[in-house]
Amino acid sequence: MKISLSWLKKYINVSLPLQKLVEKLTSAGLEVSEIHKVGSDMVFDIEITSNRPDWLSFLGIAREVAAVSGIKSINIPKTLPLKVKASMKKPFSIDIKDIKACPRYIGRLITDVDIRESVAWMKAAIESLGARTINNGADITNYCLYETGQPMHAFDFDKIKGSSIIVRRAQKGETIVTIDGVKRDLDESILIIADSVNPIAIAGIMGGIATEVTEETKNILLESAYFDPVTIRRASRKLGVTSESNYRFERKVDSENVLFASCRAAYLYKEICKGNTDEPFLDINYIKSGTRIIAFNLENLERLIGMKFAVTRVKSILQSLGFSVKPGKGKETLSVTVPSFRYDVNIEEDLIEEVARIEGFDKIQEAMPPIKAHIDSAYTDIYMSKSKMRRLLLAQGINEIVTITLMSTRSLDNAMIDPQNRVLVVNPLSAEQEALRTSLLPSTLKVVNANLNRKIKRMRVFEIGSIYEKVKSKFTQTEFASVVLTGASYQNWKDHSRQVTFYDLKGVVESLLDSFGISDYKFENKKLDYFSPGLSSVITVDGKVIVELGKINKKVCENFDIAEEVFFAQLNIAAFCSNRKKQYRFTSVPKYPSVIRDIALVVKKSILGGEAMDIIRETAGSLAIKTELFDVYTGDQVPVDCKSLAFSIEYQSPDATLTEEHVNSVHSKVQNELLARLNASLR
Amino acid sequence: MNDKLKSIHAEFEQSIVSVSSNEDLEAVRIRFLGRKEGLVTNMFKDLGKLSVKEKPVYGQKINDLKNLITEKIAQKVKEIEQKSIESLKSKGADAFDLSLPAFKNEIGAMHPLSIVTDEICTLFVEMGFMVVEGPEIETEYYNFEVLNIPLEHPSRESFDTFYLHKKSLLRSHTSPVQARYMEKNKPPIQIIVPGKVYRPDATDATHSFMFHQIEGLLVDEGITLAHLKGVLSVFAKKLFGVKTKTRFRPHFFPFTEPSAEMDVSCIICSGKGCRVCGGNGWLEILGSGMVHPKVLKAVNIDSSKYSGFAFGMGVERIAMLKYGIDDIRLFFENDMRFIKQFS
């Protein structure tokens, strides 16, 4: 809301220097965002919170200035008498068809008006706020809107067919050309003002061009009404029209001010347009005015604010804001009557805020609350698991990314993510907001692509975030960590570089499993759509998948315009959290020396390294404390369809130094088992 | 005495010339300056035999000789070093080149939003708060109704919230977690809630339709606005530095009463006024207030016995101020040249 200082001074004698005034208003909750010089005047912009429609007027602001600067009262502008004269004749009629949407409508006929350019002072006032002036007929309603906060509309009375005002819902198919020259389609959701034939205004939003006040207008019908905020808001959104008028109706206008504003405007029409205001006005009013009285216990004020106030101070603050205050029941209690323009004040806490606000929050001494020791951990298990996973990934030189969880369904399709269980947004603004992700893969691939385009070819990134699914009409949210490796595994001047492989990714994943103390997991080949066939696997615990890892297939890479090989893993954080080793127990460090024996096999290429490892573990039992594969060879030294696998096995007993014979017997058993079961030969 | 000094000096000059290694040099140092049997050291011991008049004279002379020897030895150290570098260079390929780049173990860079979230949560944990999280897919009840945001409130209209279907939506703030937590836990309650939130804004340098918030809540007997000010001022000082000033302005939020916005003295200009703070010296950081009695009532907490305060802030905004980042989109583009600045 723009406020001209010279205009404001019509209602209150502002004695404070501008800077001081701005500070006081800001500390009372009227944040002044900008101050401009307009001619010899100063204009400042106040951000008005949605609960204070009464501040959307000069009178409202003047009231607040009075309160913050300790001035008792403000100058109320001149009006015609607020009393309705008994009507002798009825030159027009008002018929409200929807009293919920329009519970009060005041119509007033002003005859023999002289419509021309506005007088200089009014033009200057309206223009100082950056608004347009039209002619004195229209400008007076505008001026009163800013002055009183009540939007009004002036119709050219002679153009109203049947001299009747009907407030009703529009019918589908009806149209109106509004004063901005736009033809608008109406329907039942829109409240209109109609004459006996046509819509003549969109209620509370904009008037029609057919009944607009022009310099030819002789007689004016002045509308001042209360329209239901929700009705007006819906219509305004539907039509895509916003105005100073609907802005105020949407926030609720003061139902008592409807009359005051009408009498104020009538006064100005009489003074400025030399209009005849002798005709009685019609006030159709269905609003029951109930006064709100709140019992205000000052002990509660101290209890909530942490500061003591004198009763006299509380009284004077509330009175300066337009509340009336009487002693209440009980010693420390006041009985406070709320003025009609303060819809936002309903309970004691609202009064507490008023007192604290005008006193100034800066007057309240800071204090620290008593802190109670609590037995619960400051972090949940899942939060700790996420933090741990983040630390472990960072320690492996993998960088963290954060991506947007909404995306187009096309992105999900491009990453070959199962179209089932998708969560779709009903009201996206763009395709990029169509769906929540059901996998971390698409947004991660976008990051890879964006960096590749910037010539960053070596990517090691992870994200910790949720995926969202709709399963049998229930929504679920599951947290995962994604890991992506692409480009060089390492790079230095001595060993040069090697491209990342599946084993690099498997290494990252296994190091996480190790650090979480998860040992009873199974590694399984499993075909997933977005992975290359044969390079697609999952890790399970108790049959449940906790990690999927593999190489992103060519098609998906192409869809994301990626020419490099990309390795991707997705880890279920809740599963890591629930399967983590929760307690550690010490076992004594081995006292006796270990013996290392190597074995090199030649096997058919189809034999898996893992099978050999399993046989070694099975056969040697607990005696083999470590088995390492140290070489895999194919080439001239072995037959074409074969490969050589070389293992190093470390034997150790916790109870005794192993004898040569003992080790030999176990090792040869292992050897025999390998040869027999794998159909292998020694190399 | 004089003669002895002269001969020691002469011997030193002779031996130092032929020194070419650090080992030889150390032998020379021990011979002349060694603590037990050094020739010069021994001269000091002889001083005792002299008369009171002679003592200072010779004392000075011995000292001069000691200083001279010390200086020459230091000079020699440099010479030897220089020679060894030269000889390395002349030997060429055989030498070990220490200047080649290291084989560094990389450490990953944490995302700036994680850094700031972590930092803020830790600050509050140090003040006794617990970190709690809640779902991003919410119901209208938790996102609005329980928080005293009635149907007519403008933020309820569909363009301000992403809807999934009729009653389900993507939470537009982290406040629903307050209500969820209060439903299940009795005071004292002291929680801090980080998380993603969604608002259908058009994306630009300061708006993103997904962003992060951190919410806080403290409910107990006797909690006042003075406590709100106390805790949040400590927070501001911990986050932006001890000299940070705070200002609380009355504001409006449906779920708090009274409500306040907190400004901190501009971290760029310390309150003098600059481009970042729009010249007024203050930066708006968070919204806060005393929990509205209707909210307490909705979660079955007796507002005549308990009171509390809540606050919420945007992580991106704080990270942008703290690091001087000028475009919110950078957080979600994940350009490695951006991310690695925070490692």
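Visitor: Where in chain A does A:Leu82 lie?

Guide: In this predicted model, A:Leu82 sits in the loop between helix H3 (58-69) and strand S4 (93-96) of chain A.

Visitor: Why does A:Leu82 count as exposed?

Guide: Count its C-beta neighbours inside 10 Å: there are 11. A residue is exposed at 12 or fewer. So A:Leu82 counts as exposed.

Visitor: Which residues is A:Leu82 in contact with, leaving aside its neighbours within four places in sequence?

Guide: A:Leu259, A:Phe260 and A:Cys263. The cut-off for such a contact is 7 Å between C-beta atoms.

Visitor: How far apart are A:Leu82 and A:Ser6 in sequence and in space?

Guide: They are 76 residues apart in sequence. In space, C-alpha to C-alpha, they are 27 Å apart.

Visitor: Is the crossing of H4(A) and H5(A) left-handed or right-handed?

Guide: Left-handed: that is how H4(A) passes H5(A).

Visitor: Which residues make the contact?

Guide: H4(A) supplies A:Met122, A:Ala125 and A:Ile126. H5(A) supplies A:Asp139, A:Asn142 and A:Tyr143. By class, the contact of H4(A) with H5(A) has four nonpolar residues, one polar and one charged.

Visitor: Now chain B. Which residues of helix H7 (residues 176-184) are buried?

Guide: B:Pro176, B:Val177, B:Gln178, B:Ala179 and B:Met182. The cut-off for buried is 20 or more other C-beta atoms within 10 Å.

Visitor: What covers the buried residues of H7(B)?

Guide: Elements of chain B, including strand S2 (137-139), helix H6 (140-143), strand S5 (189-198) and strand S6 (210-221). Helix H9 (293-298) and strand S10 (306-314) are also among them.

Visitor: How is chain B divided into domains?

Guide: Domain 1 covers 2-94 and domain 2 covers 112-342. The C-alpha centres of these domains of chain B lie 72 Å apart.

Visitor: How many residues of chain A are in contact with chain B?

Guide: 70 residues of chain A, which meet 67 residues of chain B. On the chain A side, helix H11 (residues 348-359) gives the largest share, six residues. That side divides into 36 nonpolar, 20 polar and 14 charged residues.

Definitions and conventions:
Residues are numbered from 1 along each chain as its sequence is written. Chains are lettered from A and ligands numbered from 1 in the order in which they are written. This is a predicted model: local features need pLDDT of at least 70, side-chain atom pairs count only at pLDDT 80 or more; totals for chains, interfaces and linings use all residues. Domain bounds come from an automatic or database domain assignment. Two residues are in contact if their C-beta atoms, placed from the backbone, lie within 7 Å. Helices (H or I, at least four residues) and strands (E, at least two) are DSSP runs, numbered from the N terminus. Ala, Val, Leu, Ile, Met, Phe, Trp, Tyr, Cys and Pro count as nonpolar, Asp, Glu, Lys and Arg as charged, and the others, Gly among them, as polar. A crossing is left-handed if the near helix is turned anticlockwise from the far one by less than a right angle, and right-handed if clockwise.
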